[in-house]
Amino acid sequence: MSTEEMVRTHGAPPTVVTRARRALSSLDRRFLPVLGTLLTLALMLGIGQQRYSTDRVDFVSMKLLSNLLVDNSYLLVLAVGMTFVILTGGIDLSVGAVVALVGLSIAEMFTAGLPLPVVLVVAVLIGTSCGLLIGVMVQVFDIQPFIASLAVMFLARGLANVISVNSLKIDDEGFSALAAWGLKFGEGRQLWRINASMLIAMAVLLIAFLVLHYTRFGRSVYGLGAGDGGAAVNLMGLRPARTRVWVYVISGTCAGIAGVLFALYTKSGFNLTGVGMELDAIAAVVIGGTLLSGGVGFVLGTGAGVLVYGLIQVLIAREGLESWWTRVFIGVVLLAFVILQRVLAVRRH
Amino acid sequence: MTPTTPAPAPAASRGAAVWREVTHHGLFWPLLALVLLILACGAASPGFLDVTVRDGHLFGQIVDLLRNSATPLLLALGMCLVIATGGIDLSVGAVMAIALAVSLTYLDNAADPRAVPTVLTAIVLGLAVGALGGAFNGAMVAGLGIQPFIATMILMVAGRGIAMLITKGQITTVTSPPFKTIGSGFFLGVPTPVVIAIAAFVIVVVVVRRTALGMFLESIGINREASRLAGVRARRTTWTVYVIAGVLAALAGLVYGAPTMAADANNIGLMKELDAIMVVVLGGTKLDGGRFYLGGLLVGAMLLSTLERAVIIFQLPSQTTPLFKALVLIAVCVAASPTLRAMLRGRRRADREDTPAAPVETTNAAEVTA
């Protein structure tokens, strides 16, 4: 028993409040924003459980979780990619347009008679090349991430419009089979399922987690967001330039994967898909506790952010409110989190 | 990276020095693009450059171009001031929608939508709402110190929902000739949107360049803390700039929506913030803040609407417009980038991985001293 513990045990018995405060102060500051996310999530689930549970079915259930993941798997993948970019202090506005471009490309490639594996690989590579283009513009030509990704957003949207301005149906057998594949658990109202999109999204999240926290590359990503333009990363012997290009390639690739998932979800491609989707992704990342100035955040927090985001929509639908309330509520939640971030940042200084 | 100071040149290369100075001007590439584009349009469509007078009003494709430039110019005007302080305003599109929704809803509920006082009240209400939106952005940025990008994104996300709440999810349509005039009328033969945009431009230029405000904006954009220590009321000035941007966005919304008199909360001003940012960038203002060219906005706004027009003239599907916007944007940005110039001069910059990164901050400081 250390002296400190001796003192503590011999002192007055700590009240719940002081104990909680002590636990909070012993917690790494970096976890505070994510803690806010988890509290929000718990609060929303509590409200849902309170208001929408019936005698026979609980609101908080595996069914809810599986529905959230199925409906938001593409957003999860987008947000994971966006987390990398935002951690370096950058931004990627092109992802929504890339999703549209990928969806239409998939439809067009199937019409041209390409086999399923080729289509999927090319679809993801379209996203990768869009990301590479942004990365090169940002790193080599010193163009702000905001404007570089804006240009690629216009580019992808324009190309999507060139392919088609009508909704194209995707009716390939293999693709439909992939979309329909799933494991079902439970019966009747307790039914929940696991499908391909969900597994892909979870795999992307897991890989991102491992890369960010257990690799040199991950350290470089956090280092770039430190606000010294990569000087520290450089001094550590890591590679700032390469990393800065790579985060956009990762974000683009994630957008490509998300495009495939969205195509699986809707079984069609449409040029107006994903207008504002980049903002949904950014919002999920911010709600998930990543600081927009870069350097602080967790990709698992982003996962929680996506759940909060999806839950807002579920609660609004359950409440019977019109869908535009979603935008207002997301704005309010975003506002709350940004102010929370700000308060924490002030405390830190 | 120091600003390019040409080596002492022999007399023979003075022409080259002048040429370099001209091509290095921020407006060189956009202006060149604009001239080439207008010439190309003129070649493809013989009557393109003709301007005729009908009923005392100016008509012609060039006049239409000017009319179409009005909205992006109004938006870019506010955006440019915000960017000068090192900020960005993503909410302008949503503010356009809210302002129009408020104005038309008021007109719709008024006893006589045609009465001039009613119309004036509607306009003032719309502008006031814009000011309110701007004040909210300003409070977030200047008051709470939140990054402008995310602060204005909140209104961008929520704003469209708010506009939908105001119109109750409907597309509100009203008939009111006096209100319609601000979008499709003429003043001394010139389309009203053009008159409004130019008037706003002149007022902003006079206020910013004839008073110390412009200098304050630039000093805040370069170093907020230093300018505050030097006695600039950074907080109040920043706040004011967001309010101005909000009012201009609201004005743009009214002008944009007046010809159809339909408040479509979902679509009015959609992606217009990006057009506005593009106009600012095309106009030679860098997004880093600290230096801005209002004159460039005229070129930028014209370039944007000429581009939109050219797509139609060359009989390309109008949906391909974003593609060309992207190509122009990329071309202008890359052409203006120091890296490309260094490459062209054959002095390829050493691999950045070896040099202790010469990133944004350093570049900024170098430009400031220029």
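Biologist: Is B:Glu308 buried, partly exposed or exposed, and at what relative accessibility?

Modeller: Bear in mind that this is a predicted model. Buried needs under 20% relative accessible area, and exposed needs over 50%. B:Glu308 falls in between, so it counts as partly exposed, at 27%.

Biologist: Which residue forms a salt bridge with B:Glu308, and how far apart are the closest N and O atoms?

Modeller: The partner of B:Glu308 is B:Lys325. B:Glu308 lies in helix α13 (residues 294-313) of chain B and B:Lys325 in helix α14 of chain B, so the pair ties together parts that are 17 residues apart in sequence. B:Lys325 is buried, with a relative accessible area of 8%. The closest N and O atoms of B:Glu308 and B:Lys325 are 3.3 Å apart.

Biologist: Which residues join B:Glu308 and B:Lys325 in one salt-bridge network?

Modeller: B:Lys325 also forms a salt bridge with B:Asp275, with the closest N and O atoms 3.1 Å apart. B:Lys325 lies in helix α14 (residues 321-336) of chain B and B:Asp275 in helix α12 (residues 272-282) of chain B, so this pair ties together parts 50 residues apart in sequence. Both B:Lys325 and B:Asp275 are buried. Through shared partners, the network takes in B:Glu308 and B:Lys325 along with B:Asp275 and B:Lys272.

Biologist: How many residues of α12(B) are buried?

Modeller: The buried residues of α12(B) include B:Lys272, B:Asp275 and B:Leu282. The helix α12(B) is largely enclosed by the rest of the structure, because its buried count is 11 of the 11 residues.

Biologist: What follows α12(B), and what is its phi?

Modeller: The residue after α12(B) is B:Gly284. Its phi is positive, near 90 degrees.

Biologist: Where is B:Leu270, and how far is it from B:Ala97 in space?

Modeller: B:Leu270 sits in the loop between β6 (262-263) and α12 of chain B. It counts as partly exposed, at 36% relative accessibility. In sequence, B:Leu270 and B:Ala97 are 173 residues apart. In space, C-alpha to C-alpha, B:Leu270 and B:Ala97 are 8.5 Å apart.

Biologist: How many salt bridges does the structure hold, and which residue forms one with A:Arg51?

Modeller: Over all chains, the structure holds 6 salt bridges. In the bridge of A:Arg51, the closest N and O atoms are 2.9 Å apart. A:Arg51 lies in helix α3 (residues 32-52) of chain A and its partner in helix α14 (residues 299-319) of chain A, so the pair ties together parts 268 residues apart in sequence. The partner, partly exposed at 35% relative accessibility, is A:Glu319.

Biologist: How many aromatic pairs are there, and why does the pair of A:Phe146 and B:Phe149 join two chains?

Modeller: Counting rings whose centres lie within 6.5 Å, the total over all chains is 12 aromatic pairs. The rings of A:Phe146 and B:Phe149 have centres 5.5 Å apart and planes at 85 degrees, so this pair is edge-to-face. Both A:Phe146 and B:Phe149 are buried. The pair joins two chains because A:Phe146 lies in helix α7 of chain A and B:Phe149 in helix α6 (residues 148-166) of chain B.

Biologist: Which residue lies over the face of B:Phe292?

Modeller: The residue is 4.3 Å from the ring centre of B:Phe292. It is B:Arg209.

Biologist: Which backbone oxygen lies 2.6 Å from a polar side-chain atom of B:Ser176?

Modeller: B:Ser176 is in the loop between β3 (172-173) and α7 (177-184) of chain B. It counts as buried, at 2% relative accessibility. The backbone oxygen 2.6 Å away belongs to B:Pro113.

Biologist: Which residues make a nonpolar surface patch with A:Val140, and what is its area?

Modeller: A:Val140 lies in the loop between α6 (116-139) and α7 (145-163) of chain A. It counts as partly exposed, at 31% relative accessibility. A:Leu132, A:Val136 and B:Met343 make the patch with A:Val140, and its area is about 260 Å².

Definitions and conventions: Residues are numbered from 1 along each chain as its sequence is written. Chains are lettered from A and ligands numbered from 1 in the order in which they are written. This is a predicted model: local features need pLDDT of at least 70, side-chain atom pairs count only at pLDDT 80 or more; totals for chains, interfaces and linings use all residues. Side-chain values use heavy atoms; hydrogens and water are left out. Patches are made of residues with over 30% relative accessible area and no salt bridge: like charges are joined within 9 Å, nonpolar side chains (Val, Leu, Ile, Met, Phe, Trp, Tyr) within 5 Å. Accessible areas come from the Shrake-Rupley method with a 1.4 Å probe; for residues, only the protein chains shown count as cover. A salt bridge is a side-chain nitrogen of Lys or Arg within 4 Å of a carboxyl oxygen of Asp or Glu. Helices (H or I, at least four residues) and strands (E, at least two) are DSSP runs, numbered from the N terminus. Buried means under 20% relative accessible area, exposed over 50%, partly exposed in between (1.4 Å probe, protein chains only). Rings of Phe, Tyr and Trp (its six-membered ring) pair if their centres lie within 6.5 Å; planes under 30 degrees apart count as stacked, over 60 as edge-to-face and the rest as tilted. A charge sits over a ring if NZ of Lys or CZ of Arg is within 6 Å of the ring centre and within 35 degrees of the ring normal. A polar contact is a pair of N or O atoms within 3.5 Å; within protein, one must be able to donate a hydrogen and the other to accept it, and residues adjacent in sequence count only if both atoms are side-chain atoms.
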